[in-house]
Amino acid sequence: MQHNIKKIGVMTSGGDAPGMNAAIRAVARACSYYNVKCVGYYRGYQGMIEADSVELTARSVKNIVSKGGTILKSARSMEFKTKEGRKKAYDNLVEEGVDAMVLIGGDGTFTGGMIFSKEYDIPVIGVPGTIDNDISGTKFTIGYDTALNTVVEAIDKIRDTASSHNRLFFVEVMGRDAGFIALNAGVGAGAEEILIPEEDLGLDRLLESLQRSRRSGKSSSIVVVSEGDKIGKNVFELAEYVTENLPDYEARVSVLGHMQRGGKPSCFDRVLASRLGVKAVELILDGQSNVMVGVSDNKLIVTNIEKAVKGKHTINKELLRISDILSV
């Protein structure tokens, strides 16, 4: 490993995700293990621009592995999108003696880091942290597993009410333009129908499915809707449309919203974040830059950060087929 790296910076950016704190802890303690100083920047790139930082030691990150959110806070910085903003950030890194950065976040975070690294030749390593699981180059992102479990638990409770009142519930989940949460949580919670951006099933197909469920003797149903679904209506319009066309159903809507980002990270996310955080530091010390560390087949892999941003993490269509079979 190289020894010309004296100090590594770490930040979290974009939407918070359970397990980010475990990743921060892993970066700080890996730095301590390899006798490298570590500094954390508050509020992502905005903290770099404003020199809003804190020294992170092995002891200062104690007891955060189980905490949701991020102790370094998170924000989106419009100023960093300008050359002037990035110049301020770089000058502050130089002033503080930071030789490389670990960026914990999603594609927006990585895009900013990629541009920054090219402009100023500073090593950056990406650690994928987003509940959406929509980053190419890794099977799982930090926070995704916890969000899945949160959604499944919520749907289980909603189903109790749906069954008690013979109702149809539309449950909207996060995911932006990716249906990973909706598809996996829908299968795990036994949803009758799952609507995701990757598959435009159409309104007619939805009505047919719900009619089939009613004929088969189901008195209540759950439809999981990804917020980025392309069916052409938002979840409230969708419920209204179904009620108008299937008057036997009494439809209700539940938007789970930001509760999916919160809570203590699952064991899976804590372990994943720990592995990725340590590897990020080791990649820097090995002289690598502009790459993202991910996981595939339970092994750590390294992907060019531009490929991770521009690539597509494809949905498991086999799960859609399984969902159809199980919804009879």
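**Figure 1. The seven-stranded sheet of the predicted model.** Seven strands form an open sheet with mixed pairing, in the order β3-β2-β1-β4-β5-β10-β11. Strands here are DSSP runs of E with at least two residues, helices are runs of H or I with at least four residues, and both are numbered from the N terminus. Two strands count as paired if DSSP finds at least two bridges between them. The edges are taken by β3 (53–55) and β11 (299–304), each with a single partner strand, so one side of each has no neighbour in the sheet. From one strand to the next the twist averages 25°. Such angles run from 0 to 180 degrees between N-to-C directions, and axes are lines fitted to C-alpha atoms, for helices over the stretch in contact. This is a predicted model, in which local features need pLDDT of at least 70 and side-chain atom pairs count only at pLDDT 80 or more, while totals for chains, interfaces and linings use all residues. Residues are numbered from 1 along each chain as its sequence is written, and side-chain values use heavy atoms, with hydrogens and water left out.

Figure 2. Five bridges pair β1 (residues 7–12) with β4 (residues 100–105) in the parallel sense. Within this pair, Gly-9 stands opposite Met-101 of β4. Helix α3 (residues 83–96) packs on the sheet and touches β1, β2 (37–41), β3 and β4. The direction of α3 makes about 150° with that of β2. Helix α4 (residues 107–120) lies across β1, β4, β5 (124–128) and β10 (291–296), and runs at about 160° to β4. Contact means heavy atoms within 4.5 Å.

**Figure 3. The hairpin of β10 and β11.** These two strands pair in the antiparallel sense over six bridges. Val-293 has Val-302 in β11 as its bridge partner. Two residues lie between the strands of the hairpin, where Asp-297 takes a positive phi near 55°.

**Figure 4. Helices α1 and α9.** Helix α1 (residues 20–33) packs against helix α9 (residues 267–285) at an angle of about 40°, and their axes are 7 Å apart. The crossing of α1 past α9 is right-handed; a crossing has this hand if the near helix is turned clockwise from the far one by less than a right angle, and is left-handed if anticlockwise. On the α1 side the contact includes Ala-22, Ala-26 and Ala-30, and on the α9 side it includes Arg-270, Ala-273 and Gly-277. By class, the contact holds nine nonpolar, two polar and one charged residues. Ala, Val, Leu, Ile, Met, Phe, Trp, Tyr, Cys and Pro count as nonpolar, Asp, Glu, Lys and Arg as charged, and the others, Gly among them, as polar.

Figure 5. An open sheet of four strands has parallel pairing in the order β7-β8-β6-β9. Its edges are β7 (193–195) and β9 (251–255), each with a single partner strand, so one side of each is left without a neighbour in the sheet. The twist from one strand to the next averages 20°. Strands β6 (residues 168–173) and β8 (residues 221–226) run parallel and are joined by six bridges. Phe-170 stands opposite Val-223 in β8. Helix α8 (residues 235–245) packs on this sheet, where α8 touches β6, β7, β8 and β9, and its direction makes about 170° with that of β9.

**Figure 6. The two domains.** Domain 1 covers 7–143 + 265–310 and domain 2 covers 145–261, with bounds from an automatic or database domain assignment. Their C-alpha centres lie 34 Å apart. Across the boundary, 14 residues of domain 1 are in contact with 12 residues of domain 2. The two domains bury about 1,100 Å² between them, 48% of it on carbon and sulfur atoms. Buried area is the accessible area (1.4 Å probe) that two parts lose on being put together, summed over both.
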